[in-house]
Amino acid sequence: MADFKESPLKAVQIEALVVMKIIKHSSQTFPTVATGSLVGMDVNGTLQITNTFPFPTVDVPATDGHQDTAANLAAAAPRAKANIVYQNEMIRCLREVNVDANNVGWYTSTSMGNFVNANTIENQFFYQKEMNERTVALVHDVSRSVQGSLNVRAYRLSPSFMISYKENKFTTDSLQKSGLRYQDIFVELPLTVHNSHILTSLLHQLPTSPPKEELQFPPSLAALKQDPNAPRNPLAPNFESLDLSIDPFLEKSCDLLLESIENHHTELNNHQYYQRSLAREQTKISAWQSKRKSENVSRAAAKQPLLPEDEWQRLFKLPQEPSRLELLLNSRQVEQYARQVDGFTAGVSGKMFAVKSNLLPNEG
Amino acid sequence: MADTQSFLHLARPLGPASVGAQPSTAPLSVTIQPQALFSILDHAVRRPQDQDRVIGTLLGTRSEDGTEVEIRNCYAVPHTETTEQVEVDMDYQKSMLALHLRANPREVLVGWYATSGELNTFSALIQNFYGQQGDGTWPHPAVHLTVSTIPGEDIEARTYISAPIGVTAERAADSCLFIPVPYEIKYGEAEKSGLEIIAAAKDKEDRTTNIATDIESIETAIEQVLDMLERVSNYVSNVLDEEAEPSTALGQFLMNALSLAPKVEPADIERDFNNHIQDVLVVSYLANTIRTQIDLSNRLATAALTLGTGDALGGSTGGQEGGQKEGGRQDQRRGGKGRGQNRQQQQE
């Protein structure tokens, strides 16, 4: 589904600093959406993201009249006028301290992969049309990251979607012509995390090395628990991913899926309504046309001047076809959920079989 | 670098303008969040070639009585340093502070950092600037964090607060007594997964790593657990063979750990296991069914019209298409209901 040939970017590489900053910002504002700007540069098709800063979330003047909730404001932040000024100011400042001063995209936090919506599209479109095509959207899934492994993904809008969105044409006809499917909205780029040399050496130092001299056995249990020499490996083992909590995830996924189906239903109803009214109008038009024709026939017989036959264009107005964009996005969202559930199933069934055979060793 | 030994705790001397009330003289403890440290190291890498150290401002939160400081964020401030004088870009510092406070209104100025372990006259001067009244941290003391970044040596972080020390009134501005204070590096639950990824890259030659999938992270976690079990069981069998020295404390500890294993009836396990695995599989199946249905619905919506030839036909094909879509939707509704039942089952 991904079309890499047309995109100048092949991969995304993010610094450890960026990972930490995004996590901090996202978890601070959770469950509100957190957004921020990314700076970095493009080296031979690999986009290196080296720094980031959050967008201010308070005192943002509403861009549109209908966007009034805080969540909407935060989600719309990357394209709010005040924030563009903020971003430019910040980048100017960062340039003075030798940070790569190119804006390369934005990040957003999400919960349970619930990020495929009009806001994300609009933000990324805003970036991708302005900044010479080399921008990405990083999506950090907060609720899935606490379950174990970090969940950050890099997305771009596909070129074909860009064209359609630019013309804002999402009618059935135009979709047939462009062959755009919902799978083609986003292009996902492979993502790697990169550490600087100095950070690597810090990481090697962090676990305090075991004491050199021979240690005595602790005299009692209490002493063992308070032993200052007890190894503390602060970073590596993260056993969160062995956690066996199933129901919350399933419940949340089901809720989200139901919501998507609900949306799909509404959109389909809109389309059906459109089609019914279109059909109604067309029967009216053809009735009018045949009436006018027969009238003209009788007028011709009576040698009277003929009435124009294309007047129906003025008399009748065909209904506007509703945009299919919402349907496309919704379908993409469902696909996202389905994949998420697949991944979860794969992990959790393994864990469950492990637990079962551990507790019932004989029936393995 | 985690210096675990305690520094000498001194009662904090009064601030520069000591006539005013200085309520707390309790010792200070500092917590550093990893992203601030990472940011400092990043700045150290990006320093100008001719400069040995670079400085920046620390932002964070302070407890109400001012005895606990959490450094959560920081930004670089350009400065130039020669043997005779030091110049800090005050305007930059102010505008950057304003920018940061807009995005993080809860964070306040807590101090400054330098990327060398050295303390000198200029340090004192800058320290007094950050601790001053008005723009500075007064009445709380400014925290000074030094991170030594000399190649080939350990990265060492130290935190200080300062006390005025005056030889004469003229020299008060560029002299102060740095008092070391203890610090801790702490990270939250949410950062764990990020740090795990970052730590995974430390032994790679190119210092990069891919984002692991869920399955992969389960695999590494299980491998680590197996490794630990291996070590413990080695030790235990060595003790049994009378090759290693036994320890009652360790034995007790292991016993305690083993007694944590739940005692459940096999039938209960069987039942719970079957219930849950069914839930998981059903949700997975339904999610994929819904995906297929929606895919189908999309395809039908765009494919049906290719059969249409003219305007007059358009209407009738449109109706058909609607019918087909309707069918698809009903199937989905059925799926939805099935899932609803499934959820009830879970709740039972």
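**From one residue to the interface**

Tutor: Leu199(A) counts as buried, because its relative accessibility is 5% and the cut-off for buried is under 20%. Please keep in mind that this is a predicted model.

Student: In which element is Leu199(A) found?

Tutor: Leu199(A) belongs to helix α8 of chain A. That helix spans residues 197-205, and its buried residues are Ile198(A), Leu199(A), Thr200(A), Leu202(A), Leu203(A) and Gln205(A).

Student: What do the buried residues of α8(A) pack against?

Tutor: Their partners come from both chains: α1 (16-29) of chain A, and α1 (34-45) and α4 (189-200) of chain B. Leu199(A) itself illustrates this. If neighbours within four places in sequence are set aside, Leu199(A) is in contact with Ala16(A), Phe38(B), Leu41(B) and Ile198(B).

Student: How far apart are Leu199(A) and Pro248(A), in sequence and in space?

Tutor: They are separated by 49 residues in sequence, and their C-alpha atoms lie 37 Å apart.

Student: Let us turn to each chain as a whole. How many helices and strands does chain A have?

Tutor: Chain A has 12 helices and 8 strands. It consists of 364 residues, of which 51% count as buried. Its accessible surface comes to about 17,200 Å², and carbon and sulfur atoms account for 53% of that area.

Student: What is the secondary structure of chain B?

Tutor: Chain B has 8 helices and 11 strands. Of its 348 residues, 43% count as buried. Chain B exposes about 18,600 Å², with 54% supplied by carbon and sulfur atoms. For its contacts with a separation of 6 or more, the share from residues 24 or more positions apart is 63%.

Student: How is the size of an interface expressed?

Tutor: The usual figure is often the accessible area lost when the parts come together. Between chain B and chain A, the buried area is about 10,400 Å², and carbon and sulfur atoms give 64% of it. The contact involves 119 residues from chain B and 112 residues from chain A.

Student: How many salt bridges does the rule find across the interface of chain B and chain A?

Tutor: The rule finds 3 salt bridges there. One of them joins the side chains of Lys356(A) and Glu270(B), at 3.6 Å from N to O. The rule also finds 8 residue pairs in polar contact across this interface, with both residues at pLDDT 80 or more.

Student: Which element gives the largest share of the side of chain B that touches chain A?

Tutor: That element is helix α7 (residues 266-303) of chain B, which provides 23 residues. By class, this side of chain B has 52 nonpolar, 35 polar and 32 charged residues.

Student: What does the side chain of His264(A) make a polar contact with?

Tutor: Its partner is the side chain of Ser297(B), at 3.2 Å. His264(A) is found in helix α10 (residues 247-301) of chain A, and it counts as buried because its relative accessibility is 0%.

Student: Which backbone oxygen does the side chain of Gln128(A) reach?

Tutor: The side chain of Gln128(A) reaches the backbone oxygen of Leu157(A), at 3.0 Å. Gln128(A) lies in helix α4 (residues 118-130) of chain A, and it is buried, with a relative accessible area of 2%.

Student: Finally, how should I read the backbone angle phi?

Tutor: In general, most residues other than glycine have a negative phi. Asn44(A) has a positive phi, near 50 degrees. Lys303(A), also not a glycine, has a positive phi of about 60 degrees.

Student: Where is Asn44(A) found, and is Asn44(A) buried or exposed?

Tutor: Asn44(A) is in the loop between β2 (35-43) and β3 (46-54) of chain A. Its relative accessible area is 74%, so Asn44(A) is exposed, the cut-off being over 50%.

Student: Where is Lys303(A) found, and is Lys303(A) buried or exposed?

Tutor: Lys303(A) is in the loop between α10 and α11 (312-315) of chain A. With a relative accessible area of 75%, Lys303(A) is exposed.

Key. Residues numbered from 1 in each chain as written. Chains lettered and ligands numbered in written order. Predicted model: local features only at pLDDT ≥ 70, side-chain atom pairs only at ≥ 80, totals over all residues. Heavy atoms only, no water. Helix = DSSP H or I, 4+ residues; strand = E, 2+ residues; numbered from the N terminus. Buried < 20%, exposed > 50% of the residue type's maximum accessible area, 1.4 Å probe, protein only. Areas by Shrake-Rupley, 256 points an atom, 1.4 Å probe, with all protein chains shown as cover. Contact = heavy atoms within 4.5 Å. Buried area = accessible area lost by both parts, 1.4 Å probe. Salt bridge = Lys/Arg side-chain N within 4 Å of Asp/Glu carboxyl O. Polar contact = N/O pair within 3.5 Å; in protein donor to acceptor, adjacent residues only side chain to side chain. Nonpolar A, V, L, I, M, F, W, Y, C, P; charged D, E, K, R; others polar.
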